[in-house]
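The exercises below are meant to be worked through with the sequence and the 3D view side by side. Try each task before reading its solution.

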Amino acid sequence: MRNSKPLLRSGPTVAAAAALSFALAGPAAAAPGISVNTSGSTVSVSTSACTQMNGQWGTASLLNSSQTNFSQGRQAALTGTSAGQSAAWSNVAPGTYTVTVVCSNGTTAGTQSVIVAPSPSPSVSPTSSPSRGVMGGIGGSATDYDTVTLVAGGVLVGTGLVATAWYLRRRDRPRHL
C-alpha cells in the first residue's frame, strides 16, 4: 500500500507535463496555412507560408465541386511581401469551392473549402409620406436659402422697381422740340 501513494501523487504531475508539452509543441509544429475569405462574389486567400523564388511567390487555384486537379481550377498568382501573400478571384458564381495554394518551391501551403452565397435579390420597400405635407408655394419654397442669396435677390428686385419707376416717369414728360 505504501508504494501506491507516490504513484498516485506522480500521476497528475505526469499528465500535466504531457499536456503542457503537447500544448507547447502544437503551435510550433503547425504550418501557417491559408486563410480564405468571401465578400459577395469575390473570394480571396492569404498566407505567409511561401517564400519567393525567381520572382514568384506561388499560385493559388479555385476549384469548383467537379474539379479535382489543381490545374483545372481558376489560377491566380500570389502577390505580396515576405510578411504575407494573397490572391483573389472576382465574379465567382454561388457554390462550394476548394482553394489550394502551392508555393513556388512546390510545397502546398494549404487547402480550404469555402462557400460563396448567392447575393440577395433587391427588394422593393414602400417609402413613407412626407411628415410636413406638400411643400407648395412660389418656386423654391422647399429649399432653404442662405443670407447671401436672399440679399442678392432683394437687390435685383429693388433695382427692377427703381428702373421701372424711372422709365414710367420719363414717359409722362412732354417733349419740346
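A residue is called buried when its relative accessible area is under 20%, exposed when that area is over 50%, and partly exposed in between. The model shown here is a predicted one, and by this definition 16% of the 177 residues of its chain count as buried.

**Exercise 1.** Determine how many helices and strands the chain has, and in which order they follow one another along the sequence.

Solution. Counting the elements gives two helices and eight strands.

**Exercise 2.** Work out the strand order of the open four-stranded sheet, and find which strands stand at its edges.

Solution. Begin with the order, which is E4-E3-E7-E8, with antiparallel pairing. Next, look for strands with a single partner: these are E4 (74-77) and E8 (108-116), and so one side of each is left without a neighbour in the sheet. From one strand to the next, the twist averages 20 degrees. Finally, turn to the pairing of E3 (residues 58-64) with E4, where four bridges join the two antiparallel strands; within this sheet, Thr59 has Ala77 of E4 as its bridge partner.

**Exercise 3.** Decide whether Val43 and Leu168 are each buried, partly exposed or exposed.

Solution. Take Val43, which lies in strand E2, and compare its relative accessible area of 1% with the cut-off of under 20%, from which it follows that Val43 is buried. Val43 is also 54 residues away from Tyr97 in sequence, with a C-alpha to C-alpha separation of 9.6 Å in space. Now take Leu168, which is placed in helix H2 (residues 147-172); because its relative accessibility is 43%, Leu168 counts as partly exposed. Together with Trp166 and Tyr167, Leu168 makes a nonpolar surface patch of about 380 Å².

Methods:
Residues are numbered from 1 along each chain as its sequence is written. This is a predicted model: local features need pLDDT of at least 70, side-chain atom pairs count only at pLDDT 80 or more; totals for chains, interfaces and linings use all residues. Side-chain values use heavy atoms; hydrogens and water are left out. Two strands pair if DSSP finds at least two bridges between them. Axes are lines fitted to C-alpha atoms, for helices over the stretch in contact, and angles run from 0 to 180 degrees between N-to-C directions. Patches are made of residues with over 30% relative accessible area and no salt bridge: like charges are joined within 9 Å, nonpolar side chains (Val, Leu, Ile, Met, Phe, Trp, Tyr) within 5 Å. Accessible areas come from the Shrake-Rupley method with a 1.4 Å probe; for residues, only the protein chains shown count as cover. A salt bridge is a side-chain nitrogen of Lys or Arg within 4 Å of a carboxyl oxygen of Asp or Glu. Buried means under 20% relative accessible area, exposed over 50%, partly exposed in between (1.4 Å probe, protein chains only).
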